[in-house]
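Please look over the sequence and the structure shown here before reading on. The report below goes with them.

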Amino acid sequence: MNADLPLHVETCGPPPRAGADVYVLLHGFGASAFTWRHLAPRLAERGHVVLVDIKGFGSAPKPDDGVYSPGDLAELVHRLLIERDLSRVTLVGHSLGGGISLLTALRLLDEGADRLHRLVLISSAAYPQRLPPFVGLARRPRLSAFLFWLLGPRRVIRVVLRKIFFDKTAVTPEQIEGYADPLEERAAREALLWVGSRVLPPDIDALNARFPQIEAPTLLIWGRHDLVIPLWVGERLSRELPRAEFVVFERCGHVPPEELPNETYEAVASFLDRTGDSERSSLNRPP
């Protein structure tokens, strides 16, 4: 990959080919491709999967350049699609990754190329809202740095996960370790603050006004008890995106891929089947 593209990318499933589906998975704030460990292997049975650690997160580069707004991150994803010449793309985004997916979709629309096939937005950022405390802390970098120093990444992640899950007892040591491990690196904690302090684009109203232009079939998945991106965001998206379907899980919080992995995949698979999942139907065909 271009060394100037500060993303970490891994792939699974069959290689991309003309007419086949590609699934690009974008994680949320403070996370990494670890979020998709349940969903990615099952999507790989249907097509080519591209797992992205967004700039500043996971194993991606974490330059101290301040270029971490949602628009900046969407531009990197857009460049990735161009560099790899990916088509029939389904963007799958969770939380911040959902917001980046929406902004990437607008860039693809402006480009005029027929790359975007579908969107799957899970508890997606989209509109101006009250920021959750763990994102709002990024606007107070000294306090955030002190808390990480005092508590350590694992205790911070344990508190955050138990806050955003519906069933607090369902948080596992594997999850705590998976999300906390990248934050052992000081540069990762600094990047987290860069992203959090820029999470609301200054032109967000203008961007929101363009969402009805996104005509790709879109699946919206929300937890009824999401305390991070409230349900009204999904409801509004379902009204403003022309071809949106809305699924709400009743006993779920902010992270359906973690809290209800089987139900999440089943909802995604049903949507893919209804909207033309070409790779699944062609996997057993001779080349």
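## The chain as a whole

This is a predicted model. The protein chain has 13 helices and seven strands. It has 287 residues, and 55% of them are buried.

Among the contacts with a separation of 6 or more, 80% are between residues 24 or more positions apart. The chain exposes about 12700 Å². Carbon and sulfur atoms supply 53% of that area.

## A buried loop residue

S32 is in the loop between β2 (22-26) and α1 (39-43). Is S32 buried or exposed? Its relative accessible area is 6%. Buried means under 20%, so S32 counts as buried.

Leaving aside residues up to four places away in sequence, S32 touches H27, D53 and G58.

## Salt bridges

Side chains of opposite charge can pair when their charged atoms come close. How many salt bridges does the structure hold? The count is 18.

One of them joins the side chains of K55 and D65, with 3.0 Å from N to O. Both K55 and D65 lie in the loop between β3 (48-53) and α2 (70-83), so the pair ties together parts that are ten residues apart in sequence. K55 is buried, with a relative accessible area of 3%, whereas D65 is partly exposed at 40%.

## Bridges between distant parts

Which residue forms a salt bridge with R107? The partner is E75, and the closest N and O atoms are 3.0 Å apart. This pair links distant parts of the chain, since R107 is in helix α3 (residues 96-111) and E75 is in helix α2, 32 residues apart. R107 has 24% relative accessibility and counts as partly exposed. E75 has 31% and is also partly exposed.

Another salt bridge is formed by the side chains of R274 and E245, at 2.1 Å from N to O. Here, too, distant parts of the chain are linked: R274 belongs to helix α12 (residues 261-274) and E245 to strand β7 (residues 244-249), 29 residues apart. R274 is partly exposed, at 48% relative accessibility. E245 is partly exposed as well, with a relative accessible area of 27%. Elsewhere, salt bridges that share partners join R154, E177, D181 and E184 into one network.

## The cavity

Rolling a probe the size of a water molecule over the atoms shows where empty space is left. How many cavities of 30 Å³ or more are there? There is one cavity of 30 Å³ or more. The largest cavity has a volume of about 40 Å³.

Its lining consists of G30, A31, G56, F57, G58, K62, P182, L183, A188 and L192. These lining residues divide into six nonpolar, three polar and one charged. G58, one of the residues in the lining, is also one of the residues that S32 touches.

Terms used
Residues are numbered from 1 along each chain as its sequence is written. This is a predicted model: local features need pLDDT of at least 70, side-chain atom pairs count only at pLDDT 80 or more; totals for chains, interfaces and linings use all residues. Side-chain values use heavy atoms; hydrogens and water are left out. Helices (H or I, at least four residues) and strands (E, at least two) are DSSP runs, numbered from the N terminus. Buried means under 20% relative accessible area, exposed over 50%, partly exposed in between (1.4 Å probe, protein chains only). Contact means heavy atoms within 4.5 Å. Accessible areas come from the Shrake-Rupley method with a 1.4 Å probe; for residues, only the protein chains shown count as cover. A salt bridge is a side-chain nitrogen of Lys or Arg within 4 Å of a carboxyl oxygen of Asp or Glu. On a 1 Å grid over the protein atoms alone, a cavity is a set of points where a 1.4 Å probe fits but cannot get out, and a pocket is an open set with protein on both sides within 12 Å along at least five of seven lines; lining residues have an atom within 4 Å of a point. Grid points are joined across faces, edges and corners, and a volume is the space filled by probe spheres set on the points. Ala, Val, Leu, Ile, Met, Phe, Trp, Tyr, Cys and Pro count as nonpolar, Asp, Glu, Lys and Arg as charged, and the others, Gly among them, as polar.
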